[in-house]
Amino acid sequence: ATATEAREVRAPEAAVESGVPHRAPVVTIMGHVDHGKTSLLDYIRKTKVAAKEAGGITQHVGAFEAKTSKGKIVFIDTPGHEAFTSIRARGANVADIAIIVVAADDSIMPQTREAVAHAQAANVPIIVAINKIDLATANVDRVKQDLIQLNLVPEDFGGDTIVVPVSARSGEGVEDLLEMISLVAELADLRADPKGEFSGVVVESRVDKQQGVLANVIVQQGTLRVGEFLVVGENYGKVKALTNSLGDRIKDAGPSTPVQILGFSEAPTAGDTVVSAKNEHQAREIVAGRVTTRRDAEEARKRPRQTLEEMMGSLEQVREVNLILRADTQGSLEAIQGILAKKQTEDVKLNVMLAGIGAPTEGDVLLASTAEAQIMCFNVTASGSVQKAATQKGIDLKSFRIIYEMIDEVDRLIKGNQEPVFEERYLGRAEVRMVIRHPKAGLIAGSYVQDGSLKRNAKLKVLRGRQVVFEGTITGLKRFKDDVREVQTGYECGVNLDFNDIQEGDVLEASEMVDVTPA
Ligand code: GDP
């Protein structure tokens, strides 16, 4: 997303009209390892944080506030897209702007792609900082050229991606970078009401042996106050103390302020939202409500999967297939993307969120779970832990050795998205001649097929006279002792069905759902 898009995404008219005050932008720094994320954060912290006269020690509260001529900017302390996306995976969006750091001597690297994909998936405006321009081997133009592959077209190439050359070592360009951040923030028109209801997002937490649980939170709305009751996840606590990033004890904290909260009895998870409660009673009630909701959801998950109709209903809305591609080489990635590009139809958009070289990572799984994407791998396989993470999150992660098998799978996905049309087709009918209650096999309707055929898993109606007394499926089908798939007219068979009241003389009418989606 660019600065101009950011304005559209983030400026709800209501907020502008209501005179809600501006708030400082919250910025995260991402990029490939060793490209200088930490160095850039350190440089900004050293030069832009108004450290206390005594000692000048800042406190690690998960983020720090930089003072610039254009106002305050909050930097999240943990660089990297894993932290960013694990917060997003819990439904929170804490960063307003993502700085993608690219080393001028190294250009786009695998984690640069990942970082960009994560920021784009979150719809967060991106500023590119080309770092290490002090090096003799720096090649800023090459980086700008390479950025185009990632859909980040620099302004001087006619695009609208802001690119700032910097050196975290000499400090060159850092001032420009801060200015650009303020500019993008201004366009995004970030506002929050300090008088509104408090909510914040946990960026980190830990348990300190002496002090207890310390939660680092960035205030998103309202004002957080000492003494207040807070709810986070399924826990609540009372704020005993608040510490700001300079290590000062404070009494309250408004929007975009990073603070450390002392007062929870259990460490909350990064990405959890913290809200306030009027009193302890209300805090307890909120927690109880959440526990119930979670248990209900767990119960619902245990129930049978969607019915066909529900499935068709939900498929109707899906117009995009999100994919994360992983392959062994750049060549195979490009080949796959080339074929996929031709596969899009008017109805279905294939959206490759990330195309990377090498095995899928846990970061990919997080991205897939927040963006509802499928992960497809060619000639690379997921490690056990990544596989496990995917299974836990219910992410489709498939590996292929042959490109065309992968493409076939994509075809199936596209077809799945084309609002499949199913038609119920009559299969056949049978008369129940004998009801057998078998100790192991349960209830069996010994039947004679009079017309068409019966198939295992077919839909079934039980007719008694003119009345339908049961509707379900044929759960088992036997000829003598053998399980069979289908039994034709003129033959006898044993039919299993979940209907206890089956009687001699009942008629079984079978039908099946046929996919008649036009190819
Ligand atoms: P990170 O993994 O992205 O956090 O990268 P670091 O900040 O740890 O930096 C990796 C290496 O690059 C370190 O040796 C830094 O000293 C060096 N480095 C970072 N920024 C610059 C820079 O602007 N110029 C030069 N010459 N080296 C840099």
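Visitor: Is Phe75 buried or exposed, and how do you know?

Guide: This is a predicted model, where local features need pLDDT of at least 70, side-chain atom pairs count only at pLDDT 80 or more, and totals for chains, interfaces and linings use all residues. Residues are numbered from 1 along each chain as its sequence is written, and side-chain values use heavy atoms, with hydrogens and water left out. Buried means under 20% relative accessible area, exposed over 50%, partly exposed in between (1.4 Å probe, protein chains only). Phe75 has a relative accessible area of 1%, so Phe75 is buried.

Visitor: What relative accessibility does Phe64 have?

Guide: Phe64 is at 4%, so Phe64 counts as buried.

Visitor: How many aromatic pairs does the structure hold?

Guide: The structure holds 2 aromatic pairs. Rings of Phe, Tyr and Trp (its six-membered ring) pair if their centres lie within 6.5 Å; planes under 30 degrees apart count as stacked, over 60 as edge-to-face and the rest as tilted.

Visitor: What makes Phe64 and Phe75 a stacked pair?

Guide: Their centres are 5.6 Å apart, with 25° between the planes. Phe64 lies in strand 2 and Phe75 in strand 3, so the pair ties together parts that are 11 residues apart in sequence. Helices (H or I, at least four residues) and strands (E, at least two) are DSSP runs, numbered from the N terminus.

Visitor: Why are Phe470 and Phe499 called stacked?

Guide: The distance is 4.7 Å centre to centre, and the planes are 10° apart. Phe470 is in strand 24 and Phe499 in the loop between strand 28 and strand 29, so parts 29 residues apart in sequence are tied together. Phe470 and Phe499 are buried.

Visitor: Why do Arg142 and Asp146 form a salt bridge?

Guide: A salt bridge is a side-chain nitrogen of Lys or Arg within 4 Å of a carboxyl oxygen of Asp or Glu. The closest N and O atoms of Arg142 and Asp146 are 3.5 Å apart, so the pair passes. Both residues lie in helix 6, 4 residues apart, about one turn of the helix. Arg142 is partly exposed at 40%, whereas Asp146 is buried at 17%.

Visitor: How many salt bridges does this rule give?

Guide: The count comes to 25. Among them is Lys459 with Glu424, at 3.7 Å between the closest N and O atoms. Lys459 is in strand 23 and Glu424 in strand 21, so the pair ties together parts that are 35 residues apart in sequence. Arg464 and Asp501 also meet in a salt bridge, at 3.2 Å, N to O.

Visitor: Which residues are linked in a network of salt bridges?

Guide: Asp396, Lys398, Glu409 and Arg412 are.

Visitor: How many residues surround the ligand?

Guide: There are 15 residues around the ligand, where near means a heavy atom within 4 Å. Among the closest are Asp34 and Asp134. Helix 3 gives the most to this shell, with 3 residues.

Visitor: How far is the side chain of Asp134 from a nitrogen atom of the ligand?

Guide: An N or O atom in the side chain of Asp134 is 2.7 Å from that nitrogen. A polar side-chain atom of Asn131 lies 3.1 Å from a ligand oxygen atom.

Definitions and conventions. A polar contact is a pair of N or O atoms within 3.5 Å; within protein, one must be able to donate a hydrogen and the other to accept it, and residues adjacent in sequence count only if both atoms are side-chain atoms.
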